[in-house]
Amino acid sequence: MRRKLPSTAALTAFEAAARHQSFTKAAAELALTQSAVCRQIASLESFLGLKLFRRTRRGVTLTQAGLAYGEVVARRLDEVERDTLDLMARRGEGGVLELASVATFATRWLLPRLASFERAAPNIVLNITPQSRPFLFEGTPFDAAIYAGDGPWPGTEAIFLMPEKLVPVCSPRLLGVRKRIMPEQFSAYRLLQQSTRPYAWRQWFAAQNVSHAHDLSGPRYELFSMLIEAAVHGQGIALVPRLMVEAELAAGKLVVACHRESVRDKNYYLVLPEWKADHAPVHAFTRWLKEQAEAYRREHGLADSPA
């Protein structure tokens, strides 16, 4: 059965006119005459059986239907353009994997290991987009995601990667002659807060059976990478996953202020929407990432299953 689709020329003219709210600017962008843009949009409105623009003395404005349709068309054209560029770049070989990941995990743990994946799968292009919170895959370009949290997430397969062990770290200059401090002594130092985990410090103190009157106070940062930099520069003590500060600890830029662990921390998972599980690039990346995570757990004596 023939698809009910308008022409791409009409959609392209509509998207440009909707974005600019002007037929004249759309014509200039597309190297067309204004009358050509008008004809394409009139053709699209005839095809749809409704008006997308309202003509006024000052120009044109989108109708409610045009506003909603414009957002959808812009997103779909962006996807087609991206897929076309990807296909041209790899000349029909391999594939592209769109991965969403918590930002600092991608920067600190995943990216330093990606040369190994590129050697194992040279025809696969991996694109990474930071995403701090879990999301529904439907309506997104993502093939897979790395979450920090606890499932299950409906409609997905979650593959355990590793546990997250939060440790309090700071610049050695902050402690002075001390090698480390006890939980009761933290009140003398400023606590750096992570905005997406507002109760992390409270939970850590509770695990040590210590009460801290100002456990929610201190400057807040969206990303762990920001907390790490603030701690390196002596601005306070940060509670961060140890896997993200291995380099700073080894270089002496940071020290573990207190070797007391939380009772329970989050876990990292590779999350796949059910309809992507057999996608070849996803399958290759999953196999490689499971091997990398297993090696890391073995090296650091971490559990092979969620706590």
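A residue is called buried when its relative accessible area is under 20%, exposed when over 50%, and partly exposed in between (1.4 Å probe, protein chains only). The model is predicted, so local features need pLDDT of at least 70 and side-chain atom pairs pLDDT 80 or more, while totals for chains, interfaces and linings use all residues. Residues are numbered from 1 along each chain as its sequence is written, and side-chain values use heavy atoms, without hydrogens or water.

Helices (H or I, at least four residues) and strands (E, at least two) are DSSP runs numbered from the N terminus. An open sheet of 5 strands has the order 4-3-5-12-6 with mixed pairing, where pairing requires at least two DSSP bridges between two strands. Strand 4 (124-130) and strand 6 (156-163) stand at the edges with a single partner strand each, so one side of each lacks a neighbour in the sheet. Strand 3 (residues 95-101) runs parallel to strand 4 and is joined to it by 7 bridges; A100 has T129 of strand 4 as its bridge partner.

Helix 5 (residues 103-110) lies across strands 3, 4, 5, 6 and 12, contact meaning heavy atoms within 4.5 Å.

A nonpolar core is a set of buried Ala, Val, Leu, Ile, Met, Phe, Trp, Tyr and Cys residues joined through side-chain atoms within 4.5 Å. In the largest one, of 45 residues, Y268, L270 and F285 touch the most other members. Helix 11 gives the most to this core, with 7 residues.

Notes
Axes fitted to C-alpha atoms, helices over the stretch in contact; angles between N-to-C directions.
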